[in-house]
Amino acid sequence: MTTVAEWVEGARPRTLPAAFSPVIAGTGIAAATGGVAVVPALLALVVSVALQIGVNYANDYSDGIRGTDADRVGPMRLVGSGAAPAATVKRAAFACFAVAAVAGLVIVVITQLWWLLAVGVACILAAWFYTGGTHPYGYHGLGEVFVFVFFGLVAVCGTTLVQTGGIGWAALGAAVAVGALACAILVANNLRDLAGDRESGKRTLATRLGDRGTRAFYLGLLLLAAAAIVTVATLVSWWCLLGLAFALVCLPAIRVVLRGGVGRDLITVLKVTGIAELVAAVGMAVGCLLL
C-alpha cells in the first residue's frame with residue numbers, strides 16, 4: 001500500500017519553487033506597475049502549484065509505463081518503483097489539472113479575459129504531452145521550451161496580467177529571468193539522467209547537446225537570468241538587483257557542474273537551482289515594493 005510520504009515524494013515538493021516563483025515575481029511587477037489584486041494573485045498561485053504537481057504525476061505515469069524510470073538516479077517515482085498503480089497516478093495527475101482548470105476559470109470570470117481560456121487549455125495539454133501520448137515532445141528535446149514558455153513567460157506575465165490588465169516590458173524581463181532558472185532546473189535533471197535517457201531512447205536536449213554542451217547550457221541560462229534581472233532593475237527600480245542574490249545561492253551548483261559532477265552529485269544542483277529561482281523571484285518582488 002502506498003504511503004502518504006510516498007505520494008508526497010512522487011509529487012516532488014523540491015520542484016515547488018518553480019510554482020511559487022513566477023507568481024511572486026509577477027505579483028511584484030504588478031505592485032510596481034498597477035497594483036496588487038489579492039484574489040487573482042492567489043488563484044494564479046493555485047493554478048501554478050496544481051499544474052506543477054500535475055505535471056510531476058503525469059511524468060511519473062508516462063515515464064513509468066514506458067520503462068524509462070527502471071534504472072534511475074534521483075527521487076523515487078511511484079510507477080517506476082511499483083509503489084502505486086499507474087492508473088492511480090494518472091488519476092492524480094488529472095485531478096491536479098482539474099484543480100488548475102477550475103481556478104483558471106474563476107480567474108477568467110473575475111477578469112473577463114475570456115481568451116485566457118485558450119491559454120489554460122494550452123497549459124494543460126502541454127503539461128500532459130510533455131511525456132504523455134504517442135509522441136511526447138519531452139522525448140524530442142523540447143522540454144526546455146515548454147518549461148521556459150509555460151513556467152516562465154506565461155506564468156509570470158499571466159500573473160501580472162490578471163492583476164493589472166496589461167503586460168509590460170518589466171513583466172517580460174521578470175518572466176525571462178524566472179523561465180531561465182526554471183529551465184536550468186530541467187537541464188540539471190536531464191544532465192543527471194543523461195546516460196539512462198540515452199539507453200532508453202529518450203532524446204532530451206541533454207542527449208543531443210552531450211555532457212559538455214549541457215553543462216555550458218546550464219551556465220548560459222544562469223547568465224541569461226542575471227541579464228534579465230538587470231533589465232528589470234533598469235525598468236522598475238535598482239532595488240530589483242536584489243534578485244541577483246540567486247547567483248550566490250547557485251555557487252555550489254556551479255562548482256558541481258564545472259567540476260563534471262554526475263549522478264547523485266547533480267541532485268544537489270537541482271535543489272540549489274530551485275532555491276535560486278525562488279530567491280531571484282523574491283528579490284525582484286522586494287525590489288518592486290521598495291520602489
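Author: Let's start at Thr207, which sits in helix H10, residues 205-235 (helices here are DSSP runs of H or I with at least four residues, numbered from the N terminus). A word on what you're looking at: this is a predicted model, where local features need pLDDT of at least 70 and side-chain atom pairs count only at pLDDT 80 or more, while totals for chains, interfaces and linings use all residues. Residues are numbered from 1 along each chain as its sequence is written, and side-chain values use heavy atoms, with hydrogens and water left out.

Back to Thr207: its relative accessible area is 7%, so it is buried (buried means under 20%, exposed over 50%, partly exposed in between, using a 1.4 Å probe and protein chains only). A polar atom of the Thr207 side chain lies 2.7 Å from the backbone oxygen of Thr204. If you skip residues up to four places away in sequence, Thr207 touches Leu194, Asp197, Arg198 and Lys202 (contact means heavy atoms within 4.5 Å).

Take Phe246: among the residues it touches, beyond four places in sequence, are Leu181, Leu222, Ile229 and Val279.

What about disulfides? The count is zero, taking a disulfide as a pair of cysteine sulfur atoms within 2.5 Å. For Cys240, the nearest cysteine sulfur is that of Cys288, 3.9 Å away. Cys240 is buried, at 0% relative accessible area, and Cys157 counts as buried at 9%.

Last stop, a loop: Gly35 lies between helix H2 (17-33) and helix H3 (38-66). With a relative accessible area of 25%, Gly35 is partly exposed. Gly35 and Gln163 are 128 residues apart in sequence, yet 7.2 Å apart in space, C-alpha to C-alpha. Leaving aside neighbours within four places in sequence, Gly35 is in contact with Ala30, Gln163 and Thr164.

Terms used
Helix = DSSP H or I, 4+ residues; strand = E, 2+ residues; numbered from the N terminus. Polar contact = N/O pair within 3.5 Å; in protein donor to acceptor, adjacent residues only side chain to side chain.
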